[in-house]
Structures are given as C-alpha cells and as structure tokens.
Amino acid sequence: MATSIKKLPDTEQVLSGNGACGGCPATMALRIVGKALGSNAIMLLTPSCSVASMGMTPKLGYNWPCINITFASAGSSASGITHAVEIMKEKGRLQGELPTVFSWVGDGGTYDIGFQALSAAAERNDNMIHFCYNNEAYSNTGVQRSGATPRGSFTTTTPTGKRQPKKNMALLMMEHNIPYVATATVAYPGDLYDKVVKAKNIPGMKYIEILAPCYLGWQFDMPETVQMSRMAVRSGAWLLWEAENGKISFNNPSSHIISGKKDPAPVDEYVMKQGRFNRLLKGPDATQRIAEIQGDIDREIAFMRERAKITI
Amino acid sequence: MQSVTKTYRPISWPMKGSGGDTGSWRTHRPVVDHQICNKCQFCWVYCPEAVIDRKEIIIDYTYCKGCGVCAVECPTGAITMVKEDE
Ligand SMILES: Cc1ncc(C[n+]2csc(CCOP(=O)(O)OP(=O)(O)O)c2C)c(N)n1
Ligand code: SF4
Ligand code: SF4
Ligand code: SF4
Ligand SMILES: [Mg+2]
C-alpha cells in the first residue's frame, strides 16, 4: 500500500507564488518529490517550464540550491556535482549526510536533447536521481513535438498529428542496468512519494519519470490536471511500474491491467477530453486514428507484460 | 597550499512570491464550506501552489492562482469556485 495522504510530511520545498501556470502538473509533482527528498539536496534544471516557474531574481520558487544548466548536459553536470560532493566529504570539507543530487528535467531534455549525457551517466552508474517530468511536448517554448509525444497528438510542429509512437524512455533507462527505475504520475501522490524515498536510499543511478498532464499543451480545462492523470492510468496509456535491479513490478492500478484482472478503460474518453487529439478526430478517418492510438497502448501493455517476465 | 576555490554567491534566494502576488491571476476563488469538509486533505495534496493549510483547510489567497484543481478533487463537494468580481 502506498503512503496515505495524511502521512505525507509537512515539508514544502516548492514555495507558494512561483511562476508556474495555475494547475501546473510539474509543480504539483515537484511538491511531492520535495516531501520525499527533504531539504538536503541539490537540484539541476535544464531549460523548461520548471525553470520559468522558478520566478524572478532575487526570489527563487524552490527551496533548494538550484543550478540552471544547458539543455544537453543534465547527465554530465549532475555527475560532476555528485563526484564533487563525495570528494568534499572525503576531504572533510562537507559535514553530515551527503546531499541528494537530482536533476529535474522535462521530456525534451530527457528523451531528446539530454539523452546522450544521461545515457553516459547511467552507464557509469553515477550516484544521482534523474527525474523526467513528462508533459509529452516542449511546453515552455509553445508546445513542439518531442520523443515523448504520443502518436495522433497535435503540436505546433505536428499540425496534422504526430505520425510516430512515443518511445519507452523508462524502459530504455532500465536497460542500462541501473539499480532503480520507476514511473509515476500526479494523481497517485503516495505512490510517487514512496518511489522517491526508495530512490533516495539506493546508491547509484536512479531514474523516475512522472507523467505530467499539462492543460496548455494537451488542451483540456485547467482544473482537470489530476483527472487527466488518473484517466491516463486507467486507460493504460500510462503504466505505473518500478524496477529494482532490472526486476519489474507493476503498481496499483496498472498491476490489475497487466494481470488481466481489470480491462483498461477504452482510450476514447481520455482522447476526446483533450484538444490535442480531438481537434484531429473530426474527419472521416477519425475511427482509424483512434484505433492507431489504442493500438499503441495495447502493444505497450502486451510488451511490458512480457518484458516483466524476464527476471534474469 | 593556497585554495584555488572562489566563493560564488547565489543570485536568488528561496522566497514566496517569486512570480509576484499570484493571487491576482485568479478569475475564480475557491471557497471552502467547513460544514461539509471532512478534512480528508485531498485538496491539500493536489494543490500545486501549497497554499492550503492541511489542518484547518484554510486557503492563502495572496498566492492561490484559482486553478480549481482542489474543487474538482474534493470528494465531498465542499469547495466552490466563485467568480472574483462577484
Ligand atoms: C540547446 C537549446 N535548444 C533550445 C532551447 C529553447 N528551449 C527552452 S525550454 C524548451 C522546451 C523544453 O521542453 P521540455 O524539456 O519538455 O520541458 P517543458 O518546457 O515541457 O517543461 C526549449 C526548446 C534552449 N534553451 N537550448
Ligand atoms: S505550460 Fe504546462 S507544464 Fe508548463 S508551466 Fe504551464 S501547466 Fe506547467
Ligand atoms: S478535499 Fe474537500 S473535504 Fe477534503 S479537506 Fe479539502 S475541502 Fe475538505
Ligand atoms: S484553486 Fe488551485 S491554487 Fe488555489 S487552493 Fe485550489 S488548487 Fe490551490
Ligand atoms: Mg515537456
């Protein structure tokens, strides 16, 4: 059972009155992450909504030492910092518990532009947590397609809908043989909290990806952020799982979909609630387009179910 | 040996209101009916702004952006979004 809401700590690392849009899934997620990490941590950010949300100098909306780095370099910069703090500790220049070094990066900075440095850091098994808050597009620059954008989705660079399926980034990270990988989303804060606490206590490279439904990019109503996150999970469009040393286990409610105990909700409702999909579902090819979206989801469920059976 | 490390000072410090008084962004204000509220804290956990007091369920309107997430997630219907100019 995931930690209940009432048991989550009081700690607030995301400060009120920051620069994020109302209803922002990224700040919502980061708030829960903050409760798990506490204040003894160092945060790295690549250009993204979460940088814009930090607010204006001399004020800062996050209660950590924050370092803004270039798009391509989250992996390498976090590696440098994690080695530096370890050496400072060795030389006695840093007292007490080592701070958690973590990157807070969008899907653009993870799936695409930062992939190489992240892959290298994972292969070195450097001691850090890489968080990808995945709003399935380059939102901060006005919603362009990324490797995380699902097929059939409108962005300003896919005006007739993206033609390719998204990649399974969490699985790619797991295949680097790192000790911990997890997926989460904002509707399930207890699940997210537990995964971050777990990651914090494992040495080496950890990767946590959080689906972050962004009302602006996905074109739904602002108050529905959490609803959309829940629908993504119930339809199987987003699977909650974690892998410790390469052994995959699924979390509630995705575990029921994987085991076949519960059928995923048909994707129609999830898709029709979002302008990024439904604006392209008005023509005669609508049925075929929905079938394609459903097909990608079904394939991913079937694939992950089989992949989880490999436990060697 | 002389230290080669230069001390860099941060240019920003953690403070509320880094985006200004974001309460002025609101078009609608969440109003809690404390007769109905069962203190489940759902609104508190989902509020992206951390403006809800989890014990008293009181909202800090200086920074609440009026997103309405709390009202949608409240299982008892205790939160109503009221138009700001009314
Ligand atoms: C090398 C480089 N290319 C492009 C940009 C412009 N840029 C700033 S934020 C951003 C979008 C980032 O997308 P993502 O990582 O998904 O984060 P999000 O904005 O969605 O939160 C882009 C393209 C940049 N700052 N640096
Ligand atoms: S565009 Fe989306 S992800 Fe970016 S700040 Fe706004 S709600 Fe958050
Ligand atoms: S979600 Fe509703 S019932 Fe629960 S604490 Fe908030 S206002 Fe009260
Ligand atoms: S309207 Fe949004 S910002 Fe205001 S209290 Fe509710 S969830 Fe928080
Ligand atoms: Mg993004």
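Buried area is the accessible area that two parts lose on being put together, summed over both. In this predicted model, chain A and chain B bury about 3,100 Å² between them, and 54% of that area lies on carbon and sulfur atoms. On the side of chain A, I5(A), S16(A) and R31(A) lose the most area to chain B, together 21% of what that side buries. The contact draws 45 residues from chain A and 35 residues from chain B.

Between chain A and chain B, 26 residue pairs are in polar contact, both residues being at pLDDT 80 or more. Helix 1 (25-37), strand 2 (59-60) and helix 9 (225-234) of chain A each supply at least two residues of the side that touches chain B. The largest share, five residues, comes from helix 1 of chain A. By class, this side of chain A has 21 nonpolar, 14 polar and ten charged residues.

Charged groups can be considered next. Side chains of opposite charge can pair when their charged atoms come close. Across the interface of chain A and chain B there are two salt bridges. R230(A) and E73(B) meet through their side chains in a salt bridge, with an N to O distance of 2.9 Å.

Strand 2 of chain A and strand 1 (residues 13-14) of chain B run parallel and are joined by two bridges. Within this pairing, L60(A) stands opposite P14(B). The loop between helix 2 (49-52) and strand 2 of chain A holds P58(A), and the peptide bond from T57(A) to P58(A) is cis, with omega near 10 degrees.

Chain A also carries a metal site. The magnesium ion (ligand 5) is coordinated by D107(A) through OD, N135(A) through OD1 and A137(A) through O, at 2.0 to 2.1 Å. In sequence, these donor residues follow the spacing D-x27-N-x1-A. D107(A) lies in helix 4 (residues 107-112) and A137(A) in the loop between strand 5 (128-134) and helix 6 (169-174) of chain A, so the pair ties together parts that are 30 residues apart in sequence.

Three bridges join strand 6 (residues 180-185) of chain A to strand 8, and the two run antiparallel; here V181(A) stands opposite A243(A). Strand 8 is also antiparallel to strand 9 of chain A, to which four bridges join it, and A243(A) stands opposite I248(A) in that strand. The hairpin of strands 8 and 9 has two residues between the strands, and N245(A) takes a positive phi near 45 degrees there. The structure holds 19 salt bridges over all chains, among them one between the side chains of E244(A) and K198(A), at 3.2 Å from N to O.

The peptide bond from N252(A) to P253(A) is cis, with omega near -5 degrees, and P253(A) is found in the loop between strand 9 (247-250) and helix 10 (254-259). Q219(A), a residue other than glycine, has a positive phi near 60 degrees and is found in the loop between helix 8 (215-218) and helix 9.

Key:
Residues numbered from 1 in each chain as written. Chains lettered and ligands numbered in written order. Predicted model: local features only at pLDDT ≥ 70, side-chain atom pairs only at ≥ 80, totals over all residues. Heavy atoms only, no water. Contact = heavy atoms within 4.5 Å. Buried area = accessible area lost by both parts, 1.4 Å probe. Salt bridge = Lys/Arg side-chain N within 4 Å of Asp/Glu carboxyl O. Polar contact = N/O pair within 3.5 Å; in protein donor to acceptor, adjacent residues only side chain to side chain. Nonpolar A, V, L, I, M, F, W, Y, C, P; charged D, E, K, R; others polar. Pairing = 2+ DSSP bridges. Donors = N, O, S within 2.8 Å, 3.2 Å for Na, K, Ca; no water.
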